[in-house]
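Me: I am new to this structure and would like to know what stands behind the words used for it. Please take the terms one at a time.

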Amino acid sequence: MAHQHDAFRAGARASELIRQRAHFTDALLGELWDSQAWGDAELAMVAVGGYGRGELHPHSDVDLLFLLGENSDPVRDQLADFTTLLWDTGVKPGYSVRTVAECVEQAREDITVLTNLIEARVIRGAATLMAQVRELTADTHMWTSREFFKAKLDEQTNRHNRFADTEYNLEPNVKSSPGGLRDLQVIGWITERHFGVTSLEEVTEGNFLTAEEITVLSGGRDFLWQVRYALHMITNREEDRLLFDHQRELAALWGFHDGDKLAVEQFMQVYYRWALDLGQLNEVIIQYFDQAILRQNMADDIEELNDRFQIRNGYIEARSTELFAEQPSALLEVFLLCGNNASITGIAAPTIRLIQEHCDQIDDAFRARADNKELFLAILRSPHKMTRQLRRMARYGVLGQYLPEFGRIIGQMQHDLFHSYTVDAHTLEVIKFARRFMVPGMLENLPVSGRVARRLDKVELLYIAALYHDIGKGRGGDHSELGAVDAQAFCVSHGLNDQDTELVVWLVKNHLLMSAVAQRKDITDPEVVQEFATHVRDERHLDYLFTLTVADINATNPKLWNAWRGSLLRQLHTETRRALRRGLDNPVQKSSVVNATRQAAIEILEGRGFVPEDLEAIWSDRGDDYFIRERPEDIAWHTEAIDDHYNRDQPLVLVKNREESSVANTTQIFIHARTRVQLFSRVCAALEYLDLSVHDARIYSSKNNMSLDTYFVLDSNGQPIEDDHGRLKHIEEYLAEVLTDDHSELDIVERRTRRQVKSFFIPTETSMRVDEARNLSILEVASPDRPGLLARIGRIFVELNIELQGAKIQTLGERVEDVFFITDSQHQAIRDPELVAAIERRICEALDQQAAA
């Protein structure tokens, strides 16, 4: 094996090495078999599975079938000794012992057994036994070609679903993922069963495979064999998962180096493009099988659409094989027809081939034609399954050819745990979500986004912005700025007016803005809202940006969106719309907000027995920030509970689910306790112990040395806490107990760091700046997420005499980007450079040491 590994590293092809290994194993097993005294027993040693195909990767099992004829029972014990000998020799056999009758019966019951037998070959022994098995398991006796095809197709569908039905898994399995080796094996098995051949290349009937497809088949299989061989070699075990750590090693083996794109991103782009090609080939051939096997005796149902296209049995097809050569615009028209006709199931396999063969017709002259530009815009406006048409265009090579800038991002990996998709797949996911907003009830958890989206005057502008928002990635530089340049060129080229062009370009350039403001700034502050409204300028820009932002977040990572994040964006959208309607030259004054909130809270509390004079006395030591950031109903909740709290030396803890439109979006924890050092760190450690994540923290200090702290938390699934079995009450009691006993230090929870997170160690980054208007410092911390992170930061604040005034906690996949509003012990902004440096250094050291542990 070491000799083969050396040869592989020196440039030998895996296709040669795995066949050499199979041949060597044949010879070894043959010698061992011949050394045994089998007597007159009728039996055979048969290779099955990958070994049966003559393919044996370094750590793959050697799959064997010991086939017994009549009167062979006496050798069963001898076969057990023989398999022990194989293990002792270093062979890892996976084996079964069966008679001919048992093979036939199990093949009838289990399609996987029959599949293994299709590829079986006799190494030693009575070949007549295997001939009997082949005869008795032929499609005239069991599993007709139709039944076999349907069973294998169901298997493939289930397998694809386990991998989210995409070739673009972040850690793909080179054997089982869509576009992997198993996809090639499936079409091989169906071919062998239907046509009676031993390989796809042997099929000549009906131009089953074109020369180009045979090239893709051979090249893709060889590439995946190279990758699989390398995985077995570097891990020294049977490993078919292309894990993050392995991706980096393989990128180095392939000779890639970091540049504008990381070496690993370059390697994975090659992998994804091969997987996409093979997945596409699988799709075309499976559809051929569908026509040749399932529908071979069905009468064709044909509907003519025009002189160029017709629908046959639900699939659109070209009426002439010369169509795309003679009328290249039909390369776009076919997708427009699909988008305008809901009865079309898909594109017929022969037409898919024609599209792929003629993609090179889409050149500069094609792109310059006004009718082709109008066709493309019409596709974006099509009423039926528009996103699916774009996916087909991307899959068959049309979209990347028509938009070369999109072609460059096909398979472009984003090497982190934040993005779940490649850039091209993410882009189409954004359009999918934006499209779903247009259908009432399609996304029940995003009703506000749907209502805003359906107000947009030209929805195709949203789709264009989505197409270009990340298109600049992988080039180096600011992808938003690079994408805006490409978007401008597209809009001008396609005849959009100045107003629409400006909107699209602005959206691409600012597509991250709304998310950043909502999640990293205090959007209860009227000045923050006014600044954002000034940048947005009008409600048209606001509505388009809001819709794009919600779609972008949902399409980035399935776990990223939660009710709290949604509530922040809705709040920012609502407050900004009010600011715009009020007029940018008429900003709301903080004093007006304070007075309005106080009055609303007074009106609530008057119904509960309070009088204004008592309330003014209770609130006299609370600053304006409290009345700006808190809702009147929450202020009333706090006030009534504090007034009823009889033991002021004991902390008061309140817990409830915060609702918006009768839907809980977060769990709200209010703490009223004597101000003390370590209060924040103790609370965060306790919440970590309860498996709760903090998403916002509001810290207020009053003149009577009592804290008024509010934490907004979610459970480990990103949801508000369900109050089953009194869990909210348990949280109240546990926090009260922790805060009462403040003499002992609360341990910070330690949990195992996930393997994927360890693969992405990124040093902690910090930055600090002074907010002169509020006389405080803003500390930003970006770091891989880990248990106890907030508690550790809180302890550093205590050690450096830093006062926390508030925090905005943002978790992006496995990375956090937290913002802390802090002052020194005198409640002043931190301007001492040495203290600033010490804060940043201590945080980086503490978090990075934890990550390395």
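Me: What makes both faces of β1 count as covered?
Reply: In this predicted model, Leu43, Met45 and Ala47 lie on one side of β1 and Ala44 and Val46 on the other, and all are buried. Buried requires under 20% relative accessible area. With 5 of its 5 residues buried, the strand (residues 43-47) is mostly covered.

Me: How do you know that β1 pairs with β2?
Reply: Pairing needs at least two bridges, and 5 bridges join β1 to β2 (residues 62-68). The two strands run antiparallel.

Me: What makes β1 and β4 a pair?
Reply: The threshold is again at least two bridges, and β1 and β4 (residues 121-125) have 4, in the antiparallel sense. Here Ala47 stands opposite Arg121 of β4.

Me: Why is α18 called roughly antiparallel to α21?
Reply: The axes of α18 (residues 386-395) and α21 (residues 423-436) cross at roughly 165° and come within 9 Å. Angles over 145 degrees count as roughly antiparallel, so α18 is roughly antiparallel to α21. The crossing of α18 past α21 is right-handed.

Me: Which residues of α18 and α21 meet, and what classes do they belong to?
Reply: On the α18 side they are Met386, Thr387, Leu390, Arg391 and Ala394; on the α21 side, Leu428, Glu429, Ile431, Lys432 and Arg435. By class, the contact of α18 with α21 has 5 nonpolar, 1 polar and 4 charged residues.

Me: Why is α2 called roughly perpendicular to α10?
Reply: The axes of α2 (residues 14-34) and α10 (residues 211-235) come within 8 Å and cross at roughly 65°. The range for roughly perpendicular is 65 to 115 degrees, so α2 is roughly perpendicular to α10. Ala14, Ser15, Leu17, Ile18 and Arg19 of α2 meet Asp222, Trp225, Gln226 and Tyr229 of α10. This contact of α2 with α10 divides into 5 nonpolar, 2 polar and 2 charged residues.

Me: Why is α34 described as largely enclosed by the rest of the structure?
Reply: Of the 11 residues of α34 (residues 679-689), 10 are buried, so the helix is largely enclosed. Among the buried residues are Phe680, Val683 and Leu687, and also Arg682 and Glu688.

Key. Residues are numbered from 1 along each chain as its sequence is written. This is a predicted model: local features need pLDDT of at least 70, side-chain atom pairs count only at pLDDT 80 or more; totals for chains, interfaces and linings use all residues. Side-chain values use heavy atoms; hydrogens and water are left out. Axes are lines fitted to C-alpha atoms, for helices over the stretch in contact, and angles run from 0 to 180 degrees between N-to-C directions. Angles under 35 degrees count as roughly parallel, over 145 as roughly antiparallel, 65 to 115 as roughly perpendicular and the rest as oblique. A crossing is left-handed if the near helix is turned anticlockwise from the far one by less than a right angle, and right-handed if clockwise. Contact means heavy atoms within 4.5 Å. Ala, Val, Leu, Ile, Met, Phe, Trp, Tyr, Cys and Pro count as nonpolar, Asp, Glu, Lys and Arg as charged, and the others, Gly among them, as polar. Buried means under 20% relative accessible area, exposed over 50%, partly exposed in between (1.4 Å probe, protein chains only).
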